[in-house]
Amino acid sequence: MSAPPTAAGRARISVRTLRTDRWWLPPLITLLALLAFVVYGVIRTFMNQWYWVPEYHYLAPFYSPCLSVACVPGASHWGQPAPDLGPFVPPPIFVLPFVLGFRLTCYYYRKAYYRSFWASPPACAVSEPHRRYTGETRFPLIMQNVHRYFFYAALLVAAVLTYDMAIAFRGADGGFGIGLGSLLMVVNVVLLWAYTLSCHSCRHLIGGRINHFSKHPVRYWFWTRITWLNGKHMLLAWASLVSVALVDLYVMLIASGAFPDPRLFN
């Protein structure tokens with residue numbers, strides 16, 4: 001494929017790239033991984049069952065918080081303000097837009113799906129197939145600028161999942177208990193908080209608009225910790241994405257009776 005016209009004075013190359021390595025492999029893997037999550041998420045959302053284990057208070061992440069009247073008894077920890085709109089509008093629909101909005105507008109995920117889905121560009125030193133480039137100045141990409149607001153929604157969702165994790169330490173007799181499911185929820189919550197707090201918007205919120213860090217030692221201390229997390233934003237983005245899917249799948253299997261939850265205590 002020939003490269004698009006270049007600026008005057010620059011070499012004209014007849015091939016798309018001079019790279020000889022497998023530059024197409026990383027975006028292909030990213031494409032397949034994100035597609036797998038999307039397919040699982042769509043199926044799981046419209047399955048609308050097997051998301052609550054009353055014996056141990058396990059609630060699947062995809063259905064938390066469960067705010068619809070259609071939610072099964074016991075799964076609504078924060079009330080049921082949303083109506084039952086039938087099978088085409090299952091309970092997760094009321095919360096997923098905020099969760100997906102945070103992920104889709106995330107700085108790392110923009111890079112991931114811009115390269116893998118839109119080939120814009122597909123890799124470093126590889127020209128993109130598009131003749132025009134408008135960046136994020138037009139609809140719908142201009143909506144990426146609302147990422148900072150989705151960050152606040154993500155904080156609320158992380159707090160709700162933390163509550164779900166806390167009540168998951170329940171035994172069969174109603175007292176304290178520890179199962180494999182409750183431990184998996186701990187890992188998931190830790191990864192979600194780490195990913196959320198490593199967000200670029202969070203880093204700016206903590207340390208932005210400060211001219212002299214020496215005058216704000218507390219905020220500077222927090223900013224250094226967030227900056228450290230921010231350096232691992234890509235890893236945390238993938239780890240938290242996988243953990244959400246795995247915990248959701250695990251709760252689904254327990255709720256469906258596929259196998260019992262291995263109990264470490266009670």
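Helices (DSSP runs of H or I, at least four residues) and strands (runs of E, at least two) are numbered here from the N terminus. With those labels in hand, let's walk through the model.

This is a predicted model, so to speak of local features a pLDDT of at least 70 is needed, side-chain atom pairs count only at pLDDT 80 or more, and totals for chains, interfaces and linings use all residues. Residues are numbered from 1 along each chain as its sequence is written, and side-chain values use heavy atoms, with hydrogens and water left out.

**Stop 1: the loop between α3 and α4**

Select Ala 125, which sits in the loop between α3 and α4. Its phi is near 65 degrees, a positive value in a residue other than glycine. Is Ala 125 buried or exposed? It counts as exposed, at 63% relative accessibility; the cut-offs are under 20% relative accessible area for buried, over 50% for exposed, and partly exposed in between (1.4 Å probe, protein chains only).

Now go to Pro 121, also placed in the loop between α3 and α4. The peptide bond from Ser 120 to Pro 121 is cis, with omega near -15 degrees. For background, most residues other than glycine have a negative phi, and most peptide bonds are trans.

**Stop 2**

Select Pro 65 in the loop between β2 and α2 (96–104). Then pick Asn 48, in the loop between α1 and β1. Asn 48 is not a glycine, yet its phi is positive, about 55 degrees. Its relative accessible area is 28%, so Asn 48 is partly exposed.

**Stop 3: the end of α3**

Show Ser 116 in helix α3 (residues 107–116). Ser 116 counts as buried, at 12% relative accessibility. Look for a polar atom of its side chain lying 2.7 Å from the backbone oxygen of Ala 112. Leaving out residues up to four places away in sequence, Ser 116 touches Pro 27, Thr 30, Leu 31 and Leu 34 (contact means heavy atoms within 4.5 Å).

**Stop 4: salt bridges**

How many salt bridges does a search of the whole structure find? It finds four, each being a side-chain nitrogen of Lys or Arg within 4 Å of a carboxyl oxygen of Asp or Glu. Side chains of opposite charge can pair when their charged atoms come close.

- Arg 44 and Asp 248 meet at 2.6 Å, N to O. Arg 44 lies in helix α1 (residues 25–47) and Asp 248 in helix α8 (residues 233–256), so the pair ties together parts that are 204 residues apart in sequence. Both Arg 44 and Asp 248 are buried.
- Asp 21 and Arg 19 meet at 2.7 Å, N to O. Asp 21 is partly exposed at 40% relative accessibility, and Arg 19 is partly exposed at 29%.
- Asp 261 pairs with Arg 263, their closest N and O atoms being 2.8 Å apart. Asp 261 is buried, with a relative accessible area of 5%, while Arg 263 counts as partly exposed at 24%.

**Stop 5: the nonpolar cores**

Select Tyr 51, Tyr 58, Met 185 and Val 251, the residues with the most contacts inside the largest nonpolar core, which has 28 residues. A nonpolar core is a set of buried Ala, Val, Leu, Ile, Met, Phe, Trp, Tyr and Cys residues joined through side-chain atoms within 4.5 Å. Two or more residues come from each of β1 (52–53), β2 (58–59), α4, α5 and α8. Which element gives the largest share of this core? That is α8, with six residues.

Zoom in on Val 251: setting aside neighbours within four places in sequence, its contacts include Trp 50, Leu 59 and Ala 60. A second, separate core of 20 residues includes Tyr 108, Phe 151, Leu 229 and Ala 237.

**Stop 6**

Asn 188 is in helix α5 and counts as buried at 3% relative accessibility.

Finish at helix α6 (residues 200–207), where Ser 201, Cys 202 and Gly 207 are buried. The buried residues of α6 pack against α4 (147–167), α5 (180–197) and α7 (217–230).

Technical notes: Polar contact = N/O pair within 3.5 Å; in protein donor to acceptor, adjacent residues only side chain to side chain.
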